[in-house]
Amino acid sequence: MTTSRPSSMLTWHQARSVAMTSGRALPSISALISEAGGAILARDLLRLQDDPPSDCATNEGFAICGPGPWFEATSDRLQPGAFQELLKGDPLPQHTDAVLAAHRSELRTANDGTRVLIATDELTGVIDEDVRPALGSGITRQAAHARIGSVLVPAGRMVGPGILALAAALGHDTLPVVQPPRVGTFVLGHSLLAHGLPRAGRRRDALGDSVAYFAGLHGARSHPPVRAPDSTHQLMESIDDAQVDVLIIIGEYSDTHINSLRQVISDLGARWLLDGVAMSPGEHTLLAKLPDGRFIVGLSGYAEAAIAGLVTIVEPLLRSLAGSVPRNPIQAVLVDDIPADPHVGLTRLIPVLLETSGQHVIARGLPKEMRNLHAIANADGAAVLSPDIHGSGQSVPVLAI
């Protein structure tokens, strides 16, 4: 395993491909219903019993035995000339010959309080003591709809509210799911503020909670962000102690920070997967894999660059670890002219609004007064503009932010 850094940064498409293919689905686990939401089914969800589990009434009516008229049974074992009232789906008492539908019968009460059931003629609707339904009519037989072990939901589906409800209704207490990746977020920068207004030249930490939330959206179990030590030695110890599958490290946008993080990654014996992406913003995004299989993602402290790294690298990496398929970008027609590119040769990620026009999806830039985070907060997605995109009317991929 080589720990040397890549000789050059990858293109945007190459970097995204590396993130998609570097991780494999984590092992499957048996998760409680209350904890399985958002994970991916590792195996088919199977039926635990026949449907119905026993012979039952097809509709509301009366289980009968023998010829009528019938008197109300005193036990769950019918004798000839006895009936028992049932609702739709109720299991049948023993020795049931048929279930007489409620609308084809009349129930009377004798002077002594005994209830007597008499069938009615199907054509005239008149009560007739000699009328008797055909043997087995009104009965739904065990497993008529499905047998035990049949597939309810195939493997690979994300566990959402519908799957949780179905599994619980049919008796499942646990679900077989791909173990969701655990994600930790380290925020570097001792001068960053955790709350309140920016003051005295100090900035708010804009990314800690945002990155943790983003990871949760893509199938991960995200730990709360923590402030990491700035010392190289202490940072190495913190990374070594982190009990996660992916560690996202956010730091100040400076050569000193970038080089320190690179040195730490190399000292830990990590295998470099990418050191920089030819995109703007987010050029300094890093990805490496530790000898024990954990991933380290390095993101810039600039919010725009960090979000570009999230949608380009973190989203496909987390989805591959969670056993999910990375989302394909939406193809949209760019309708705005592209401003001159100050970073020649880089793929640009630009916040856009999406709208439909006939059968097409179009991407429109945000107003010029909305800059940076203001634009991202109001955008529907990020248009990926490769270096050969020079004007409106061209189709471009758009990533969800």
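Modeller: Pro 69 lies in the loop between strand E4 and strand E5 (70-72); strands here are DSSP runs of type E with at least two residues, numbered from the N terminus. This is a predicted model, in which local features need pLDDT of at least 70, side-chain atom pairs count only at pLDDT 80 or more, and totals for chains, interfaces and linings use all residues. Residues are numbered from 1 along each chain as its sequence is written, and side-chain values use heavy atoms, with hydrogens and water left out.

The peptide bond that joins Gly 68 to Pro 69 is cis, and its omega is about -5°. A cis bond also runs from Asp 51 to Pro 52, with omega near -5°. Pro 52 sits in the loop between strand E2 (45-46) and strand E3 (56-57).

The structure holds one aromatic pair (ring centres of Phe, Tyr or Trp, the last by its six-membered ring, within 6.5 Å). A pair of aromatic rings is described by the distance of the centres and the angle of the planes. For Phe 62 and Phe 83 these values are 5.6 Å centre to centre and 85° between the planes. The arrangement is therefore edge-to-face, a label for planes over 60 degrees apart, whereas those under 30 count as stacked and the rest as tilted.

Phe 62 has a relative accessible area of 6%, and Phe 83 has 0%. Each is therefore buried, that is, under 20% relative accessible area with a 1.4 Å probe and protein chains only; over 50% is exposed, and partly exposed lies in between.

Although His 95 is not a glycine, its phi is positive, about 65°. With 46% relative accessibility, His 95 counts as partly exposed. Another non-glycine residue with a positive phi is Ala 143, where the value is near 65°. Ala 143 is placed in the loop between strand E10 (139-140) and strand E11 (151-153), and its relative accessible area of 11% makes it buried. Most residues other than glycine have a negative phi.

Terms used
Helix = DSSP H or I, 4+ residues; strand = E, 2+ residues; numbered from the N terminus.
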